[in-house]
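Here are my notes on this one, in the order I would go through them with you at the screen. Have the viewer open as you read.

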Amino acid sequence: MTGEKDLPTLLAAMHPVRRGGEFVYVLWPHGKPLTGGIMAAVREAEGLTVVMPRADADSMGLSYDFVGAWITLEVHSSLEAVGLTAAVGAALTEAKISCNVLAGFHHDHLLVPVADADRALEVLHELAADNRREGPAPTLVLRTEQPEDRPAILALTAAAFAVSPVTGLPVDGEPEEVGLLRRLFDCPEYLPQFSIVAELDGEVVGHVISTRGWVEELELLGLGPIGVLPRLQRHGIGTALMKETVARANTAGERGIALLGSPEYYSRFGFVPSTSLGVEPPEAGWDAQFQLLPLAVWPGGVSGTFRYAGPFSG
């Protein structure tokens with residue numbers, strides 16, 4: 001049977017399936033007969049590399065570093081097809097998931113870190129779905145939150161924080177960010193123009209809020225929470241919400257924006273540890289995770305401890 005060469009067709013028809021078990025790469029001992037459940041092998045000048053079930057490697061006392069989940073792209077791609085591996089690799093790279101590709105006669109196969117297997121499947125299914133859509137891609141709309149948006153915002157926030165960003169474990173009951181949002185909507189420090197929703201095809205898929213905060217008497221913005229529906233995370237929606245917040249803040253003449261979050265992520269928007277600008281975090285131990293973005297009219301010479309809107313202390 002002839003394999004498919006057309007990239008959009010391949011991506012649209014792609015059906016990623018995880019094979020059971022865990023798999024490892026092993027440098028096969030020189031001169032040892034091939035035994036066990038070897039799934040693939042590559043001979044190099046330095047030796048023979050084999051891919052095999054982890055359990056077999058353990059039983060044979062063979063060492064390994066990488067433990068992978070095996071995902072098969074169930075679409076018959078031609079060995080002459082151009083772009084499939086690149087498209088899949090790019091989607092997984094955007095999601096910060098490493099992958100190792102094995103090409104068979106009928107299918108391509110991926111080995112991804114076991115811990116990332118579920119997310120990798122989600123990314124691949126989304127890639128296929130994106131290529132099955134007819135007509136132009138939907139436009140992401142960023143707009144000011146309206147009161148009628150709030151049930152959808154609270155629902156997406158519950159979904160976004162169903163797994164704790166601190167512990168990495170599922171949250172028991174309603175995430176605390178949901179209750180915090182309810183209180184922020186009703187507090188004196190609520191700033192309507194800084195409660196921004198992202199809408200896709202009429203669906204609210206993301207939200208960010210910034211409320212009034214202070215360092216001594218200097219007014220700043222305190223950003224958070226920010227949430228995106230899990231199925232659409234790592235698709236640029238959070239980035240769009242951040243950029244819209246910064247643009248609105250500069251237009252409004254705000255001095256700076258403070259937040260608690262990952263320095264690796266937020267540094268891309270210009271955030272730096274708050275202490276480098278003379279601002280202490282509200283809680284001891286937050287260290288570099290409490291960050292500040294000085295805006296166009298940042299006054300300099302600031303000194304003091306940041307104070308969030310009232311609901312944060314609740």
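1. Start with helix 6, and with what sits over its buried residues: the cover includes helix 5 (150-160), along with strand 8 (195-200), strand 9 (203-215) and strand 10 (218-228). The residues being covered in helix 6 are E177, V178, G179, L180, L181, L184 and F185, which are buried. Helix 6 itself runs over 176-186. Please keep in mind that this is a predicted model.

2. Stepping back to the whole chain, there are 314 residues, and 44% of them are buried. The secondary structure comes to eight helices and 15 strands. Along its principal axes, the C-alpha trace spans about 75 × 45 × 40 Å. If you look at contacts between residues at least 6 apart in sequence, 69% of them join residues at least 24 apart.

3. Six strands make up an open sheet, with antiparallel pairing and the order 2-3-1-4-6-5. Which strands are at the edges? They are strand 2 (40-44) and strand 5 (100-103), each of which pairs on one side only. From one strand to the next, the twist averages 30 degrees.

4. Inside that sheet, have a look at the pairing of strand 1 (residues 16-28) with strand 3 (residues 47-53). The two run antiparallel and are joined by six bridges. For a landmark, find W28, which stands opposite L48 of strand 3.

5. While you are there, stay with L48, which belongs to strand 3. Is L48 buried or exposed? L48 counts as buried because its relative accessibility is 12%, and the cut-off for buried is under 20%. Setting aside neighbours within four places in sequence, L48 is in contact with V26, L27, W28, L34, A41, V42 and R43. Take V26 from that list: V26 and L48 are 22 residues apart along the chain, and their C-alpha atoms are separated by 8.4 Å.

6. Next, what lies across the sheet strands? Helix 4 (residues 117-132) lies across strand 1, strand 4 (67-73) and strand 6 (108-113). Relative to strand 1, helix 4 runs at about 125 degrees.

7. On to cavities. How many cavities of 30 Å³ or more are there? The count comes to one, and the volume of the largest cavity is about 50 Å³. Its lining is made up of L73, L84, T85, V88, G89, C99, V101, D108 and L110. By class, that gives six nonpolar, two polar and one charged residues.

8. As for where the lining of the largest cavity comes from, helix 3 (84-94) and strand 6 each supply at least two residues. Helix 3 gives the most, with four residues. Strand 6 is also one of the strands that helix 4 lies across, so you can find this region again from point 6.

9. Further along, S164 sits in the loop between helix 5 and helix 6. Leaving out neighbours within four places in sequence, the contacts of S164 are with L169 and V171.

10. Some backbone spots deserve a check by eye. Most residues other than glycine have a negative phi, and most peptide bonds are trans. The peptide bond from G224 to P225 is cis, with omega near 0 degrees, and P225 is in strand 10. In the loop between strand 9 and strand 10 you will find E216, whose phi is positive, near 55 degrees.

11. Last, D287, in the loop between strand 13 (279-280) and strand 14 (290-294). D287 is another residue other than glycine with a positive phi, near 50 degrees. Is D287 buried or exposed? D287 counts as exposed because its relative accessibility is 55%, and the cut-off for exposed is over 50%.

Key
Residues are numbered from 1 along each chain as its sequence is written. This is a predicted model: local features need pLDDT of at least 70, side-chain atom pairs count only at pLDDT 80 or more; totals for chains, interfaces and linings use all residues. Side-chain values use heavy atoms; hydrogens and water are left out. Two strands pair if DSSP finds at least two bridges between them. Axes are lines fitted to C-alpha atoms, for helices over the stretch in contact, and angles run from 0 to 180 degrees between N-to-C directions. Contact means heavy atoms within 4.5 Å. On a 1 Å grid over the protein atoms alone, a cavity is a set of points where a 1.4 Å probe fits but cannot get out, and a pocket is an open set with protein on both sides within 12 Å along at least five of seven lines; lining residues have an atom within 4 Å of a point. Grid points are joined across faces, edges and corners, and a volume is the space filled by probe spheres set on the points. Ala, Val, Leu, Ile, Met, Phe, Trp, Tyr, Cys and Pro count as nonpolar, Asp, Glu, Lys and Arg as charged, and the others, Gly among them, as polar. Buried means under 20% relative accessible area, exposed over 50%, partly exposed in between (1.4 Å probe, protein chains only).
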